[in-house]
Amino acid sequence: MQIFKRAISLSLIVLLVLLGTGDISMAKEFNPDTNPNLIDIYLLALKEKESSNRYNLLHKPGVIPDLETGKPIKVQALGAYGILDINWNVWSKQAGLEGADWRDPKAQDTVAKFKVQEYYDKYGSWDLVSIAWFAGPGTANNVSKGFKQGMEKKDNMGTSVKDYVAVMNNLI
């Protein structure tokens, strides 16, 4: 995906030269890491990371603390984007697809795009979107405030938040 970032920057420079503006400073200021128009590229990377593009994947179950009680609850990530089963009904409703089946690839694409866009709008950073997706908005909120606690926290597969962000950055 790194090649797409470079291709976008190069395309912008070529377009400006062809248009005869002669001013390529705008292209140099283009920052693909924070450009919200790259959501589709981010989503492709997310699908690759979470499931190798398999919409029917049932991920290995895990245990996380309940946000309200703090007690451990069993969860399972579903589908191409690894959306947790406890989030699917809420997120699909928020995305305008109340009652959608998680097995529907179009529903997964719509729900993931809605949530990733929501996270990007809130955080303005693809790193923080990755943190929110992987470790939850609470961890992303803390990191956005300069706190690094939780970055070494690992999931049931042994991946830390820090490592997850690094992998996502390599994919986009």
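The chain contains 8 helices and 4 strands. Both are DSSP runs numbered from the N terminus: helices are H or I with at least four residues, strands E with at least two. From the N terminus, the order of elements is α-α-α-β-β-β-β-α-α-α-α-α. The model is predicted, so local features need pLDDT of at least 70 and side-chain atom pairs count only at pLDDT 80 or more, while totals for chains, interfaces and linings use all residues. Residues are numbered from 1 along each chain as its sequence is written, and side-chain values use heavy atoms, with hydrogens and water left out.

Of the 172 residues in the chain, 38% are buried. Buried denotes under 20% relative accessible area, exposed over 50%, and partly exposed in between (1.4 Å probe, protein chains only). The accessible surface of the chain is about 10,100 Å², and carbon and sulfur atoms account for 56% of this. Areas were computed by the Shrake-Rupley method with a 1.4 Å probe. Contacts are heavy atoms within 4.5 Å. Among contacts between residues at least 6 apart in sequence, 47% join residues at least 24 apart.

Helix α3 covers residues 39-51. Its 13 residues should span 18 Å at 1.5 Å a residue, and its end C-alpha atoms are 18 Å apart, which agrees. The expected span is 1.5 Å times one less than the number of residues. Buried residues of α3 include Ile 39, Ile 41, Tyr 42, Leu 43 and Ala 45. Lys 47 and Glu 50 of α3 are also buried. Just after α3, Ser 52 has a positive phi of about 55 degrees.

The loop between α3 and β1 (62-65) holds Pro 61. Beyond its neighbours within four places in sequence, Pro 61 contacts Val 75, Gln 76 and Asn 156. Pro 61 and Ala 77 are 16 residues apart in sequence, with C-alpha atoms 7.0 Å apart.

In helix α7 (residues 137-144), Thr 139, Ala 140 and Val 143 are buried. They cover an arc of only 100 degrees around the axis, which puts them on the same side of α7. The arc is taken over directions from the helix axis to the C-beta atoms. Their cover includes α5 (105-123) and α6 (126-135). Gly 146 follows α7 and has a positive phi, near 95 degrees.

Ser 160 sits in the loop between α7 and α8 (161-171). Ser 160 counts as buried because its relative accessibility is 2%. Its side chain reaches the backbone nitrogen of Asp 163 at 3.0 Å. Leaving aside neighbours within four places in sequence, Ser 160 contacts Phe 134, Met 151, Glu 152, Lys 153 and Lys 154.

Definitions and conventions
Polar contact = N/O pair within 3.5 Å; in protein donor to acceptor, adjacent residues only side chain to side chain.
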